[in-house]
Amino acid sequence: MAKAFFRLQKFLRRIQFLLFFLTAAYLMAGSLLLLQRTRLVLQQGSRGTPTNQALPVPEEMSRAGITEPRSLQSLRPGPRLLVGMEALPEPALDQRHSPHWLMSRNSELRQLRRRWFHRVSSEQEPPQTAGFNAMKRTAEHKGTYMGCFTHDSRERTLKGAVFYDLRKMTVAHCQEACAERAYSYAGLAHGAECYCGNALPAAAAKPEECSSECRGEKGSVCGGANRLSVYSVEQPWAGARPRRNVVYRGCFRAPENLTDTFPASLIQPNLTVEMCSEFCSKKEFPLAVIRGQECYCGFPTRRFSLREGTDGRRCSGTHNASSAAGGEYCLVYQTPVQDTRCTDRKFLTTKSKVFVALSSFPGAGNTWARHLIEHATGYYTGSYYFDGALYNKGFKGEKDHWRSRRTICVKTHESGKTEIEMFDSAILLIRNPYKSLMAEFNRKYAGHLGYATDRTWKSKEWPDFVNSYASWWASHVLEWLKYGKRLLVVHYEDLKQSLIPKLKEMVEFLNVTVTEDRLLCVENNRDGNFKRSGAKQKNFEPFTQEMKDLINRYILTVDEALRGRNFSGLPREYVPR
């Protein structure tokens with residue numbers, strides 16, 4: 001009996017030791033994981049930013065990453081805000097209201113904002129994809145499967161428009177996108193890329209080589225590696241295709257030799273806009289030019305740049321080609337076909353020696369500027385963040401590490417000393433703060449393409465947002481002026497109004513040589529995929545007088561700082577009168 005008891009006691013001791021060992025191992029593994037995760041969060045959330053004491057944040061606002069610096073409302077611009085210059089004597093100010101307080105306060109706010117921005121940008125999608133799941137379930141693709149064909153990204157077989165959706169691509173989605181632009185065929189590759197065209201590829205491949213499943217539709221074939229699954233596009237409405245998405249560009253003086261200027265032409269009695277647009281769409285040209293009974297197709301070129309339109313009355317019957325004036329003037333229409341001369345993009349083949357930032361306050365048009373730069377240079381742009389919605393729409397540099405130096409420039413909204421000094425040079429994009437604040441508020445609450453509801457605008461979220469973000473708009477510019485090594489200042493409004501000249505400046509700053517025709521192609525595709533459809537007019541004024549007083553003080557401060565660094569001041573529409 002004693003022997004059996006001794007054996008039992010020995011066994012229990014072993015079990016205790018084993019349990020103790022497993023518990024210790026579990027705790028050690030958990031601690032290591034926790035330390036590693038904390039390190040990653042610190043790297044992402046405060047990469048190179050000095051540690052600052054956290055500010056007290058109300059509970060309901062901390063979830064959004066916004067604080068309420070109400071004391072900023074009493075800030076007065078002073079000479080000490082001139083960055084990069086010696087401070088001039090000034091009357092003593094309350095330390096809370098000094099420019100140094102503005103910048104240190106914003107450095108504390110920046111960490112909170114960065115956490116919110118990183119979280120929201122990686123999760124948020126454009127609003128038009130919200131109903132996509134329902135469409136995917138109900139819409140079956142129409143048209144005939146034409147087969148599997150070879151595909152070379154450098155010499156594309158379907159030469160029309162290109163679309164990406166790296167999460168939700170389906171055959172129906174690709175067909176609808178191509179149908180909207182009047183193409184006859186839709187081809188899918190790599191499960192997520194959509195190509196359009198009006199002629200079938202010449203080289204067929206084995207059916208089994210198209211084996212990639214569509215990212216958004218299980219069981220459907222979406223090409224493969226260097227292979228295209230091609231489907232015909234069925235138009236949903238008879239007779240709707242020729243007129244759809246045809247945009248009137250204006251009346252222009254006809255070039256001296258239309259036949260030499262435009263590669264395709266048609267002479268047709270009783271010619272209409274629909275006839276000419278359909279003819280040019282089938283030939284895969286973005287412009288349809290009408291002079292009397294003559295129809296010409298082509299691209300914007302140096303000989304016909306569409307920059308200098310004339311009085312529409314010189315072209316009689318603007319929307320009725322049969323009565324349009326023959327001879328000196330012609331009517332120009334934009335067909336649904338995309339200008340593809342500037343859509344090819346790639347990563348840099350060798351690492352860039354100059355690390356360039358594309359810096360802006362959120363809502364200042366950074367995504368649009370990236371679209372322009374990518375199409376002008378032919379190289380992808382990178383990002384300090386990861387935005388899944390942008391990556392899904394073709395900004396492939398989003399997933400590349402921001403310090404890889406494989407992209408032509410890197411998007412950033414950061415404005416800390418350490419983050420700025422990491423870059424060798426920067427394009428500093430500035431937009432009217434009134435427009436920037438509204439754009440960022442819309443993006444925050446409705447995605448890249450949506451609009452915040454009137455209820456949201458009238459809630460307390462909007463004044464809290466303005467009080468916090470208006471100071472960030474000012475400090476962002478001030479700190480880049482102070483710490484930036486080599487800057488090109490670009491105003492969003494100037495870029496919008498004079499696209500080609502300003503884009504030339506940006507491309508030269510990036511040390512890239514481009515052709516005039518490529519820049520004209522960019523101008524022809526200027527909007528990209530992330531432009532809100534028109535300005536949604538509100539029946540109320542979102543900015544109170546108190547908000548205007550606050551923002552106007554920041555405008556004067558930034559304007560003075562720019563002039564102090566020998567840059568041109570802010571555009572006149574910024575400066576309050």
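Predicted model: local features only at pLDDT ≥ 70, side-chain atom pairs only at ≥ 80, totals over all residues.

Student: Okay, is Lys 282 buried, exposed or partly exposed?
Tutor: Buried needs a value under 20% and exposed needs one over 50%. Lys 282 comes in at 48% relative accessibility, so the label is partly exposed.

Student: Which residue does Lys 282 meet in a salt bridge?
Tutor: Look within helix H7, residues 273-282. With 3.8 Å from N to O, the partner is Glu 278.

Student: How many salt bridges turn up in the whole structure?
Tutor: Side chains of opposite charge can pair when their charged atoms come close. The cut-off here is a Lys or Arg side-chain nitrogen within 4 Å of an Asp or Glu carboxyl oxygen. Searching the whole structure that way gives 17.

Student: How far apart in sequence are the parts that Glu 193 and Lys 396 tie together?
Tutor: The two form a salt bridge, with their closest N and O atoms 3.3 Å apart. Glu 193 belongs to strand E4 (193-197), while Lys 396 is in the loop between helix H9 (388-392) and strand E15 (410-412), so the parts they tie together are separated by 203 residues.

Student: Which of that pair is buried, Glu 193 or Lys 396?
Tutor: The limit for buried is under 20%. Lys 396 has a relative accessible area of 23%, so that one is partly exposed. The other has 10%, so the buried one is Glu 193.

Student: And what is the N to O distance between Arg 291 and Glu 294?
Tutor: Arg 291 is buried at 19% relative accessible area, whereas Glu 294 is partly exposed at 23%. Their side chains meet in a salt bridge, and the N to O distance is 3.1 Å.

Student: On to the sheet: which strands are its edges?
Tutor: This is an open sheet of 5 strands, paired in parallel, in the order E14-E15-E13-E16-E17. An edge strand pairs on one side only, which picks out E14 (382-383) and E17 (487-491).

Student: Which helix packs on that sheet?
Tutor: Follow the contacts: this helix touches E13, E15, E16 and E17. Its direction makes about 155 degrees with that of E16. Spanning residues 461-483, the helix is H13.

Technical notes:
Residues numbered from 1 in each chain as written. Heavy atoms only, no water. Helix = DSSP H or I, 4+ residues; strand = E, 2+ residues; numbered from the N terminus. Buried < 20%, exposed > 50% of the residue type's maximum accessible area, 1.4 Å probe, protein only. Pairing = 2+ DSSP bridges. Contact = heavy atoms within 4.5 Å. Axes fitted to C-alpha atoms, helices over the stretch in contact; angles between N-to-C directions.
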